[in-house]
Amino acid sequence: MKFILGKDRKQTCLFPVSLEDSIEQENSVRSIDQFVDSLDLSELGFRSVFTENGPPAYNPSVLLKLYIYGYMNRVRSSRQLEKECKRNIEVIWLLEALTPDHNTISNFRKDNAKAIKKVFFATVKIARNFGLIGATLVAGDSTKLRAQNSKKNNFNQKKIGRHLDYIDNKLQQYNKALEQSDSDSEKQEINKDIDKHKGRREHYKQLEKELIESGEPQISTSDPDSKHLIIRNNITEVAYCVQTTVDADYNIPFDYLVTNKNDSKAMGQMLRRAKSILHTNTFTALYDKGYHTGSEFCTANQLNIKTLVAIPGIGRASQAPDPNYNSEHFKYNKENDTYMCPQGNILKSNGSTYKGRNYRFKQYKTNQCKSCPVRDLCTTSKVNGKVIQRSEFQKYIEENAQQVLKNPKAYKKRQAIVEHPYGTIKRQWGFSYILTKKTMQRASADVGFMFIAYNLKRIWNIMKTKKQTLFRAINICMLSVLDFLGVLALYSSLYQKKQIAM
């Protein structure tokens with residue numbers, strides 16, 4: 001049986017193929033080269049001036065090209081990138097056969113977090129120049145990326161206290177065993193265990209001291225800025241929370257922010273950033289129920305930005321025995337500052353405001369609850385009867401609820417818009433964790449390269465599709481013109497024959 005044979009490795013070529021000829025013109029590596037060469041790296045904040053002592057440094061454009069290529073091809077490790085510089089012909093072409101070591105590669109990402117963020121905004125600028133960001137409908141959400149810090153190396157006061165209690169109990173047991181022991185060898189073994197546990201106790205006491213001094217509810221030892229966060233349902237991880245804002249037209253992210261907090265207080269800040277980036281506030285922003293916070297609605301109102309945020313369900317503690325008597329069915333009278341219950345009774349406030357966790361509120365109640373025939377359906381309280389709390393931000397919450405009910409189709413687009421980048425980055429590329437550690441700034445550099453790679457790939461794919469569509473349309477038009485010219489030629493020929501016959 002015959003097979004396709006390869007070339008003899010030892011055979012020399014009279015006219016060898018150049019490095020330039022080995023890379024196709026449509027190869028994306030050429031686009032990376034053009035993109036980076038179009039940037040003013042010193043203006044973006046990359047270090048371009050080095051001392052003359054020692055060997056010369058690499059141009060920052062070389063390392064930036066390498067990282068963008070790596071992230072676009074699912075390679076993030078500095079050691080893996082070092083290997084690619086020596087064996088991957090596309091990287092050899094891109095870097096002009098330069099081979100930086102893994103320390104140089106790693107330090108570039110570590111030291112240029114702010115500049116990398118500006119490179120991301122350069123991709124956003126390209127998208128706007130091509131008309132790929134409409135700035136009329138945007139969606140915001142967050143995703144959790146696991147940090148380089150295990151749960152065992154994350155501590156809060158409860159966890160530290162549990163370890164200390166365990167060690168103290170063990171020390172008591174060892175001391176009792178030491179008193180009862182008669183053998184010198186046995187006493188020696190027990191003393192070793194006592195010393196080991198005392199050392200562990202000192203370690204946890206030091207952690208407790210660091211926790212108190214930090215003023216934070218928890219600390220992580222491997223990656224100090226990472227926090228123990230809920231990923232979904234009851235699943236938790238030590239992670240970072242990445243907030244993103246995505247434009248609806250082509251699902252292109254135009255902003256990201258790496259944090260270690262949950263979503264409840266994030267919307268206002270992200271809207272403020274979106275307004276600054278897009279230079280407009282005429283867009284509508286879509287968010288899920290995790291962002292449903294009164295103070296954030298107030299911020300959106302101050303920015304004059306329209307928001308549609310999913311309405312969360314009523315908590316179990318706030319539920320009435322009969323859902324028809326939940327507080328949402330009580331009508332508020334703005335002029336009199338009162339509520340009317342479904343039975344027609346008026347609930348009044350004493351005028352005092354009370355301090356909640358992050359807001360102030362008033363309480364409304366009535367004495368009619370004592371004799372109300374449906375009291376058991378309305379409340380489980382045996383003393384005060386039904387009490388309604390009205391937040392200082394309640395009017396903004398009610399306005400959002402009205403907007404969501406008026407625009408159900410618009411809100412349904414949220415998930416399709418904002419989950420598109422996450423699906424690509426986390427599922428398709430496998431970037432479900434932060435590669436760097438030690439600070440949030442380094443984590444931001446890692447995330448920055450993810451979104452740079454995503455945006456560039458997304459823009460090039462869209463423009464390639466548009467180019468193909470344009471050429472297809474031109475070809476159709478040309479065929480139509482040719483068909484028209486063919487018909488004209490046929491009629492002209494028939495007319496000439498007719499004239500000759502006459």
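1. Before anything else, a quick definition: a cavity here is a set of grid points where a 1.4 Å probe fits but cannot get out. Bear in mind that this is a predicted model. With that in hand, the structure holds two cavities of 30 Å³ or more.

2. Let's take the second largest cavity, with its volume of about 50 Å³. Its lining is made up of Thr-143, Leu-145, Val-242, Tyr-422, Ile-425, Lys-426, Val-447, Met-450 and Phe-451. Strand S1 (137-146), helix H15 (414-428) and helix H16 (440-501) are the elements that give two or more residues to this lining. By class, the lining residues come out as seven nonpolar, one polar and one charged.

3. Now for the largest cavity, which has a volume of about 100 Å³. You'll find 16 residues lining it, and the ones that lie nearest its centre are Cys-341, Cys-369, Cys-372, Cys-378 and Lys-386. Sorted by class, this lining has nine nonpolar, five polar and two charged residues.

4. The axes of helix H11 (residues 294-303) and helix H13 (residues 394-406) come within 8 Å and cross at roughly 75°. Angles of 65 to 115 degrees count as roughly perpendicular, and H11 and H13 are therefore roughly perpendicular to each other.

5. Which residues make that contact? On the H11 side they are Gly-294, Phe-297, Cys-298 and Asn-301, and H13 brings Tyr-396, Ile-397, Glu-399 and Asn-400. The contact of H11 with H13 has four nonpolar, three polar and one charged residues.

Note on methods
Residues numbered from 1 in each chain as written. Predicted model: local features only at pLDDT ≥ 70, side-chain atom pairs only at ≥ 80, totals over all residues. Heavy atoms only, no water. 1 Å grid on protein atoms, 1.4 Å probe; cavity = no way out; pocket = protein on both sides within 12 Å on 5 of 7 lines; lining within 4 Å. Points joined across faces, edges and corners; volume = space filled by probe spheres on them. Nonpolar A, V, L, I, M, F, W, Y, C, P; charged D, E, K, R; others polar. Helix = DSSP H or I, 4+ residues; strand = E, 2+ residues; numbered from the N terminus. Axes fitted to C-alpha atoms, helices over the stretch in contact; angles between N-to-C directions. Parallel < 35°, antiparallel > 145°, perpendicular 65-115°, else oblique. Contact = heavy atoms within 4.5 Å.
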